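Please read them with the structure open beside you.

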Amino acid sequence: MSDFPDLRYFPIWSCFCNLFLKLTHYLKINLFHILWKRTFRLSVDTLNFSFVFCLEFVIHLQVVSFPVVQLHMNRTAMRASQKDFENAVNQVKLLKKDPGNEVKLKLYALYKQATEGPCDMPKPGVFDLINKAKWDAWNTLGTLPKETARQNYVDLVSSLSSSLESSSQVEPGTDRKSTAYETLMVTSEDGITKITLNRPAKKNAINIEMYHEIMRALKAASKDDSSITVLTGNGDYYSSGNDLTNFTDIPPGGVEEKAKNSAILLREFVGCFIDFPKPLIAMVNGPAVGISVTILGLFDAVYASDRATFHTPFSHLGQSPEGCSSYTFLKIMGPAKATEMLVFGKKLTAGEACAQGLVTEVFPDSTFQKEVWTRLKAFAKLPPNAMRISKEVIRNREKEKLHAVNAEECSVLQERWLSDECMNAVVNFLSRKSNL
Ligand SMILES: CCCCC/C=C/CC(=O)SCCNC(=O)CCNC(=O)[C@H](O)C(C)(C)COP(=O)(O)OP(=O)(O)OC[C@H]1O[C@@H](n2cnc3c(N)ncnc32)[C@H](O)[C@@H]1OP(=O)(O)O
């Protein structure tokens, strides 16, 4: 490192220089005295002189060398951090996950401070938002020394790498290659967490395990660094709703206990959708039945393939509406249309669902994936905090109401599941006397 002279030998040189000066000074004063004695034999004076000189030499060595060695060591440490700094700069380029804008601004500011020193650029105009945010971040570092900025940069990158590594270890479900779920595929990429219902052979019917896994995936998605979350189905169906075999696994407490446990689970499940903090988008790739339709009223956008249908056959099954649909559907499509769906079980085409406001937009099945993903990737680039806060503003005043509706619907259903109408419908399906 050419900018740091090697200071290791400075204490020694300094001591010899001091010694030389002292010696010449002493000689000047004592020259006549020495000459007068005409001898260079060791006298008491000479002994004194030697002793004082040795002592001075040692003291000087201590006094001079300590700060100089310290300085040298500090500079060596700075040299190490310069190398670390270069490594850290490279490491940032290799980060797999976006650390978020706040961190990126910090990194930018520390980098500029470390390489250029205090901010001396003219302040960008108010409408130049990105450059202004960068300038602000850099400018707030004031006169922070370059070396400190370098060290802070290295520390930040190292904490960042370890937190991103550990978050991917703790929450493997949010990684690209997830093996943590039995009934779902969960990936996180380009700022989008995608939860795919993955029981295509059963038309993505939601069994007990899938209810739990969806809740777990939503909780993870609410905390991960993605901006938006997408729910979709694998195969030809989006979902055929509640897995009717859920009702066949009767605990020792009998059907009453089963109904009670199911109501608790359903309430918790729907509660996760009510409370989900980020934009939640459904990609309805095919037919949707029952609970997979009703919870759409809690989503922020619903994109559907023109192959999709929307069916809530509650009366056919001896059941009643859930997923807050008894409230949201009335608000979305008005009581007449909502009753047609929720009471009479009218199946809607994607176009009809769109016309009634349940679906945001319908796409031809052949281009559905491509068109919707292009759109979602653009959404995911929007400022995530702004999206989250806007969702909060739109949804928060309804939350309490939605939780109350959810509780009421679950309690009504708990009774319904014990009814003959419901039991017969389930038996009929399981004995294949009926399909929808
Ligand atoms: C904790 C509890 C909470 C409860 C919350 C309450 C929610 C209410 C609802 O969700 S109501 C809606 C319930 N869903 C249904 O009633 C749909 C029943 N399924 C069907 O009617 C048909 O399967 C179909 C119309 C969806 C598809 O018919 P198709 O002929 O195309 O295919 P198959 O019937 O051969 O289905 C293929 C296999 O998938 C199994 N399957 C499909 N859906 C379900 C389901 N909902 N529950 C259980 N199993 C389902 C079907 O049995 C076939 O399996 P097999 O190949 O092993 O025979």
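1. The lining of the second largest pocket is made up of 22 nonpolar, 14 polar and eight charged residues. Keep in mind that this is a predicted model. The volume of this pocket is about 960 Å³. Of its 44 lining residues, those closest to the centre are Ser 240, Asn 242, Leu 244, Phe 429 and Leu 436. Two or more lining residues come from each of these elements: helix H6 (208-223), H7, strand E5 (288-289), strand E7 (309-311) and helix H13 (420-430).

2. Helix H7 covers residues 254-275 and contains Lys 258. Lys 258 is buried but has no salt bridge. Which side chain of opposite charge is nearest to Lys 258? It is Asp 249, 4.7 Å away. Leaving aside residues up to four places away in sequence, Lys 258 touches Asn 246, Phe 247, Asp 249, Ile 250 and Pro 251.

3. Side chains of opposite charge can pair when their charged atoms come close. A search of the whole structure gives 13 salt bridges. One of them joins Lys 112 to Glu 116, with the closest N and O atoms 2.8 Å apart. Both residues belong to helix H3 (residues 101-116), and because they are four residues apart there, about one helical turn separates them. Lys 112 counts as buried, at 16% relative accessibility, while Glu 116 counts as partly exposed, at 44%.

4. Arg 375 and Glu 361 form another salt bridge, and their closest N and O atoms are 2.6 Å apart. This pair links distant parts of the chain: Arg 375 lies in helix H11 (residues 368-380) and Glu 361 in strand E9 (residues 361-363), 14 residues apart.

5. Glu 421 pairs with Arg 416 in a salt bridge whose closest N and O atoms are 2.8 Å apart. Glu 421 counts as exposed, with 51% relative accessibility. Arg 416 counts as partly exposed, with 25% relative accessibility.

6. Salt bridges can also be joined into a network here: which residues does it link? They are Asp 300, Lys 391 and Arg 395.

Note on methods. Residues numbered from 1 in each chain as written. Predicted model: local features only at pLDDT ≥ 70, side-chain atom pairs only at ≥ 80, totals over all residues. Heavy atoms only, no water. Buried < 20%, exposed > 50% of the residue type's maximum accessible area, 1.4 Å probe, protein only. Lys, Arg positive; Asp, Glu negative; His and termini not counted. Salt bridge = Lys/Arg side-chain N within 4 Å of Asp/Glu carboxyl O. Contact = heavy atoms within 4.5 Å. 1 Å grid on protein atoms, 1.4 Å probe; cavity = no way out; pocket = protein on both sides within 12 Å on 5 of 7 lines; lining within 4 Å. Points joined across faces, edges and corners; volume = space filled by probe spheres on them. Nonpolar A, V, L, I, M, F, W, Y, C, P; charged D, E, K, R; others polar.
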